[in-house]
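Here are a few friendly notes to read alongside the coordinates. Please have the viewer open as you go through them.

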Amino acid sequence: MPDGKNANIAAFVISYPTGPMRIIVRYFFRAVRLILTPFMLLSEKLTTPKAIARSEEEQRAAEQAATKLALYQYRACPFCIKVRKEMARLGLPVEKRDALKNPIYRKELQQQGGKIKVPCLKIDQENGQALWLYESEQIKAWLQQRFEPGSVA
């Protein structure tokens with residue numbers, strides 16, 4: 001009797017389409033993505049909040065700290081959009097690296113971060129090591145803890 005994990009894998013393998021059906025499913029989801037992408041990006045543009053107000057000195061410090069950050073992302077990924085909106089709200093000019101369109105960024109993400117998954121925030125730390133955060137909620141929490149006015153950085 002297979003354990004739970006193997007049973008799930010077996011169920012997936014059995015139910016995953018093969019042959020011509022697999023191609024149809026693949027193109028169906030590509031078409032859905034093609035149709036939804038412009039709407040998702042327009043929605044992001046219309047609903048992105050304005051940056052919070054900081055003094056000039058505080059904003060300069062936040063911008064300087066943001067130079068140590070890079071967001072590996074896909075343009076139309078809903079979780080990436082959520083992180084980008086938080087960065088905009090916090091007024092952070094973080095470098096965005098499209099791991100879908102740029103094979104160099106994709107390779108960095110896999111070799112240095114350990115997996116190809118977005119969103120991923122690379123944080124260059126003072127000790128020269130990089131910290132890689134992968135979950136959108138974890139990234140947002142880290143950004144809020146570090147950059148929210150009145151937070152302890």
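1. Let's start at a strand pairing: Tyr72 stands opposite Arg97 in β2. Please keep in mind that this is a predicted model. The pairing of β1 with β2 is parallel and runs over four bridges.

2. How many of the five residues of β1 are buried? Five of the five are, so the strand is mostly covered, buried being under 20% relative accessible area. Ala70 and Tyr72 point one way, while Leu69, Leu71 and Gln73 point the other way.

3. Next, have a look at helix α4, which spans residues 78–89. Its 12 residues reach 17 Å from the first C-alpha to the last, close to the 16 Å expected at 1.5 Å a residue. Gly91 follows α4 and has a positive phi, near 65°.

4. Which residues of α4 are buried? They are Cys80, Ile81, Val83, Arg84, Glu86, Met87 and Arg89. The cover over the buried residues of α4 includes helices α2 and α6 (136–147), along with strands β1 (69–73), β2 (95–98) and β3 (120–124).

5. Finally, the surface. Ile35 lies in helix α2 (residues 19–47) and is exposed, with a relative accessible area of 53%. Together with Leu34, Leu36 and Phe39, Ile35 forms a nonpolar surface patch with about 470 Å² of accessible area.

Technical notes. Residues are numbered from 1 along each chain as its sequence is written. This is a predicted model: local features need pLDDT of at least 70, side-chain atom pairs count only at pLDDT 80 or more; totals for chains, interfaces and linings use all residues. Side-chain values use heavy atoms; hydrogens and water are left out. Patches are made of residues with over 30% relative accessible area and no salt bridge: like charges are joined within 9 Å, nonpolar side chains (Val, Leu, Ile, Met, Phe, Trp, Tyr) within 5 Å. Accessible areas come from the Shrake-Rupley method with a 1.4 Å probe; for residues, only the protein chains shown count as cover. A salt bridge is a side-chain nitrogen of Lys or Arg within 4 Å of a carboxyl oxygen of Asp or Glu. Helices (H or I, at least four residues) and strands (E, at least two) are DSSP runs, numbered from the N terminus. Buried means under 20% relative accessible area, exposed over 50%, partly exposed in between (1.4 Å probe, protein chains only). The expected span of a helix is 1.5 Å times one less than its number of residues. Contact means heavy atoms within 4.5 Å. Two strands pair if DSSP finds at least two bridges between them.
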